[in-house]
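Morning, everyone. Please bring up the structure and its sequence, and we can walk through it together.

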Amino acid sequence: MNRDKPHLLIIEDDPGLQKLLRWNFEAYEVLVAGDRESALAQVRRYQPAVVTMDLGLPPDPDGASEGLATLQQIRALAPDTKLIVLTGNQDHANAVKAIGMGAYDFHQKPFDPEMLGLVVERAFFLYALQQENRRMQQVQMDSPLSGIISRDPGMLKICSNVERVATSDATVMLLGESGTGKELLAKALHQLSSRQGERFMAINCAAIPESLLESELFGYEKGAFTGAAKQTLGKIEIANGGTFFLDEVGDLPMALQAKILRFLQERVIERIGGREEIPVDVRIVCATHQNLKEMIAAGDFREDLYYRLSEIVVTIPPLRVRVGDAALLAHHFRNKFSVREGRSSLNFSQEALATIESYSWPGNVREMENSIKRAVIMADGSQISVDDLGLQPSSKAEEEHLNLRQVRDEAEYKAIVKVLARMDGNITKAADLLGISRPTLYDLMNRHGIN
């Protein structure tokens with residue numbers, strides 16, 4: 001068995017055709033099966049990339065029932081395998097049925113060796129392309145920044161800055177509206193740092209009552225207050241050696257702001273009811289959707305604490321200003337929830353995509369995720385409609401530009417990014433929608449710095 005050649009399985013019960021097909025495909029490692037049982041055994045053992053099969057298999061050589069049953073089982077065993085059905089001139093209905101069951105293509109008998117060779121070659125190419133795409137997706141998923149889906153230059157720059165900052169121990173403040181991905185970036189900072197093997201501890205200051213927040217942060221000694229039946233460590237102490245994420249820091253009460261400031265200056269804590277100073281080594285990352293400078297002016301946030309927390313500030317843009325990202329994220333979440341709900345053939349209607357692109361997304365990526373999940377569940381048929389999204393298109397006031405070259409370049413850039421996102425990165429479809437050739441689109445993408 002030649003391991004360098006890709007495997008092609010031929011399912012055919014006619015010895016003469018078996019020999020002819022084997023001879024026609026010398027470029028591949030050809031496997032042959034004459035019935036369902038042997039075909040399934042070959043699939044289990046070798047997982048061939050491409051299969052050619054006759055629907056007329058024993059014990060029903062004159063019908064298609066056995067062939068269709070074999071096709072269905074192969075699809076269940078090896079869903080990525082490309083199945084090419086060989087049919088007679090009068091068997092068009094069964095060929096169409098086979099395509100509906102997941103066959104890649106069909107070819108009529110008597111077959112043209114050159115034409116069938118091209119069909120098989122194209123199937124191998126598509127299989128290899130999908131496997132490479134899956135490998136690249138897995139590499140991306142293994143990255144701490146895999147949860148950030150974006151083509152927007154501003155967002156990509158932020159990801160690059162996070163990678164650069166992660167290796168230091170500087171305190172990082174993440175600013176952005178709710179749902180923009182602040183916690184994702186906080187976790188990425190931890191995973192990309194030298195502390196990745198230690199604890200990542202998060203606490204949301206807005207989600208815990210003020211009366212309980214101090215004990216959650218600093219812990220308490222036995223008997224410190226009614227109900228303190230045993231010594232309990234605080235979240236900061238538990239995170240020792242790792243990263244402590246202080247989410248919604250703008251909701252931190254003034255009394256606790258002083259204690260947090262002392263901890264940041266001295267790197268020691270005292271449990272409630274305790275007298276001992278406990279050294280804690282943690283990397284601090286904080287986040288808020290509020291304007292802390294306005295809160296400082298209003299006397300609601302300590303200025304000295306702000307400067308301690310904001311050694312490095314990362315401002316995350318809202319989804320509505322990230323060019324092309326709305327459609328890109330919509331495709332991502334559709335793929336995610338379609339697999340989960342068993343609806344792999346689901347697609348967006350053009351009207352739904354237009355609504356997704358025009359909507360302002362006040363809840364940002366979190367709202368997008370919930371909306372697409374709802375649409376996948378509610379969609380009736382193979383397309384997601386505007387009604388399934390449950391959104392109303394929003395009007396956007398465009399800023400006036402008077403420089404003609406600037407207007408043209410901006411319009412060109414936005415159109416290319418938007419269409420690439422809408423076509424889910426398919427260059428050929430994007431070029432067709434833009435009304436230009438693929439080489440022209442590649443030239444424009446290079447000119448505008450679009451990867």
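This is a predicted model: local features need pLDDT of at least 70, side-chain atom pairs count only at pLDDT 80 or more; totals for chains, interfaces and linings use all residues.

Start with the largest nonpolar core. It has 31 residues. Which of them touch the most other members? Those are Leu-217, Ile-236, Phe-244, Leu-246, Leu-252 and Leu-309. Several elements each supply at least two residues of this core, among them strands β7 (200–204), β10 (243–247) and β13 (283–288).

Now zoom in on Leu-246. Set aside its neighbours within four places in sequence. Leu-246 is then in contact with Ile-203, Cys-205, Leu-217, Leu-252, Val-285, Cys-286 and Ala-287.

There is also a second, separate core. That one has 26 residues, including Ala-327, Phe-348, Ile-356 and Ala-375.

Next, helix α19, residues 438–448. Which of its residues are buried? Leu-441, Leu-444, Met-445 and His-448. They cover an arc of only 100 degrees around the axis, so they sit on the same side of α19.

Turn to the face of α19 away from the buried side. That face carries the exposed residues Pro-439, Asp-443, Asn-446 and Arg-447.

One last stop. Just after α19 comes Gly-449, with a positive phi of about 70 degrees.

Notes:
Residues are numbered from 1 along each chain as its sequence is written. Side-chain values use heavy atoms; hydrogens and water are left out. A nonpolar core is a set of buried Ala, Val, Leu, Ile, Met, Phe, Trp, Tyr and Cys residues joined through side-chain atoms within 4.5 Å. Buried means under 20% relative accessible area, exposed over 50%, partly exposed in between (1.4 Å probe, protein chains only). Helices (H or I, at least four residues) and strands (E, at least two) are DSSP runs, numbered from the N terminus. Contact means heavy atoms within 4.5 Å. The arc is that of the directions from the helix axis to the C-beta atoms.
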